[in-house]
Each structure stands twice: as C-alpha cells, then as structure tokens.
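Colleague: I would like a close look at one part of this model. Please take it step by step.

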Amino acid sequence: MRYKISGTMMQTVEIDLDPGETVFSQTSCMCWMNDLVEMDTHTGGGFLSGVMRSLGGGSFFITEFTARGNGHVAFAPRFPGAILPIVLQPGQSLICRKETFLVAEKSVQLEIAWQQRFGAGLFGGEGFVLQKVTGPGTVFLDLSGEVVERDLAPGERLLVNAGHVGIMDPSITFDIQMVKGFKNILFGGEGLFLATLTGPGHVALQSMPIMNLAEEIARHMPGGGGDSGWR
C-alpha cells in the first residue's frame with residue numbers, strides 16, 4: 001500500500017493498492033476509485049459489532065475496498081482539517097474521538113473505548129464514548145482545523161474543552177471537572193465542564209471542533225440570529 005495526502009484544509013488521501021490488498025472505511029468517506037477496486041459493505045463482524053460502532057459515534061456499516069489489480073481509491077473527511085497517517089505496531093492502540101477515523105488497512109481493529117470514570121460518562125458529552133484503533137497497520141485519522149500536539153509528563157494535567165480533544169495514547173487518563181468560579185460559569189461561554197487529560201502520554205488536539213463550526217454556520221442561517229439586515 002502506498003498513499004499520497006493532497007491539499008491544505010480540505011485534504012484527500014489517495015491510496016494505491018497492490019492486488020489483493022484491502023482497506024476499510026466508515027460509510028460516506030470514499031471520493032473516487034478505479035475499476036480495479038471492489039467494494040463490500042457489511043457490519044464488520046456482525047450485528048453487535050455494528051451496534052457498538054454506532055454507539056462510538058461511527059457508522060453501523062463499514063465498507064471494504066479490495067484491489068483486483070493495481071487499485072486506486074481516494075478518501076476525504078467531511079470537514080476542513082488535517083489527515084494524520086499513523087503506523088500502528090502489533091497491539092499498539094490509540095484513543096480517538098468520534099468522527100476521527102477515516103480509513104485503515106484491514107489488519108487494524110476499530111472498536112468502542114469506554115471511559116472508566118463515571119464522571120466522564122455523565123458530563124463528558126462528546127468526550128465519553130470514544131473509539132480505539134489497534135494495530136498492526138496504517139490508519140488515517142482526521143482532525144478538524146489545525147492540529148496541536150503535546151507530550152504530557154507523568155501526572156501533568158491539561159484542561160481542555162472536550163470538543164478540542166482529538167487523539168491520545170491509552171496511557172492518558174480522561175476525566176471531567178467543573179469550571180471554577182461563578183462568573184466563569186455564567187459568562188465564560190465554555191460550558192460547565194472541562195476535560196482533564198492527565199499524563200503520561202501524547203495527545204493531539206484540534207483547533208476547530210465540529211460542534212463549534214455547526215453552531216457558527218447555524219448562526220448565519222436565516223432565522224439563526226446572525227442576519228445583519230444588509231442586502
């Protein structure tokens with residue numbers, strides 16, 4: 001398998017497959033392919049696997065793309081951002097937010113990643129039900145906006161608006177804490193809770209959460225409160 005990532009904020013990844021090679025994606029991600037690539041859409045392990053993937057923010061079905069010759073297939077995220085190609089070693093895992101998974105080699109496993117802390121599940125919103133990708137193989141993950149990466153030392157904590165959490169090592173502890181200060185809660189606009197990421201481990205953050213983008217677009221739609229009256 002060979003690949004090329006093109007573009008800046010509206011990226012695509014083009015993948016060249018040797019005969020017999022397979023990649024898989026969640027539905028509605030493929031852009032184009034040649035006629036030597038065969039599609040096969042299924043639940044990826046049965047009905048329960050489809051249900052669990054849906055709970056993790058993914059699609060009930062996945063689509064496999066298998067080359068019958070020298071295959072070529074391209075994929076693109078649904079939102080502006082960056083595609084990150086990551087080579088996972090056997091047994092190596094990453095935790096990622098929903099909507100992040102784009103496409104991977106068939107050898108990569110995609111499953112739900114339950115958070116152990118009850119508070120994260122009760123108040124985390126976007127942060128609770130995450131996905132886990134496990135190697136071996138190459139996976140392509142996409143983050144919205146620009147990507148900022150940080151290495152957290154053991155015990156080091158980073159407070160993050162949950163929508164900005166992108167990808168993290170399994171060694172990082174994810175929890176939720178209430179914003180301190182009455183004025184911060186009432187006027188800060190950041191919500192009641194922040195995600196707490198505690199090291200050690202590596203984390204990739206995204207600068208433009210999908211929900212923020214959707215809210216801003218809605219604000220400028222007719223009736224959304226953003227019409228200035230100019231014509």
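Is Phe-75 buried or exposed, and what is its relative accessible area?

Modeller: Keep in mind that this is a predicted model. Phe-75 has a relative accessible area of 0%. Buried means under 20%, so Phe-75 is buried.

Now look at its partner. Phe-75 forms an aromatic pair with Phe-65. The ring centres lie 5.2 Å apart. The planes stand at 80 degrees. Angles over 60 degrees count as edge-to-face, so this pair is edge-to-face. Phe-65 is buried too, because its relative accessibility is 2% and the cut-off is 20%.

Where do the two rings sit in the chain? Phe-65 belongs to strand E6, residues 62-67. Phe-75 belongs to strand E7, residues 71-75. A search of the whole structure finds three aromatic pairs.

Burial also shows up in another strand. Strand E19 spans residues 201-206. Five of its six residues are buried, so E19 is mostly covered. Next, see which strands pair with E19. Strand E14, residues 147-152, pairs with E19 in the antiparallel sense. Six bridges join E14 and E19. In one of them, Leu-152 has Gly-201 of E19 as its bridge partner. Strand E16, residues 165-168, also runs antiparallel to E19. Three bridges join E16 and E19. Here Met-168 has Val-203 of E19 as its bridge partner.

Key
Residues numbered from 1 in each chain as written. Predicted model: local features only at pLDDT ≥ 70, side-chain atom pairs only at ≥ 80, totals over all residues. Heavy atoms only, no water. Phe/Tyr/Trp six-rings, centres within 6.5 Å; stacked < 30°, edge-to-face > 60°. Helix = DSSP H or I, 4+ residues; strand = E, 2+ residues; numbered from the N terminus. Buried < 20%, exposed > 50% of the residue type's maximum accessible area, 1.4 Å probe, protein only. Pairing = 2+ DSSP bridges.
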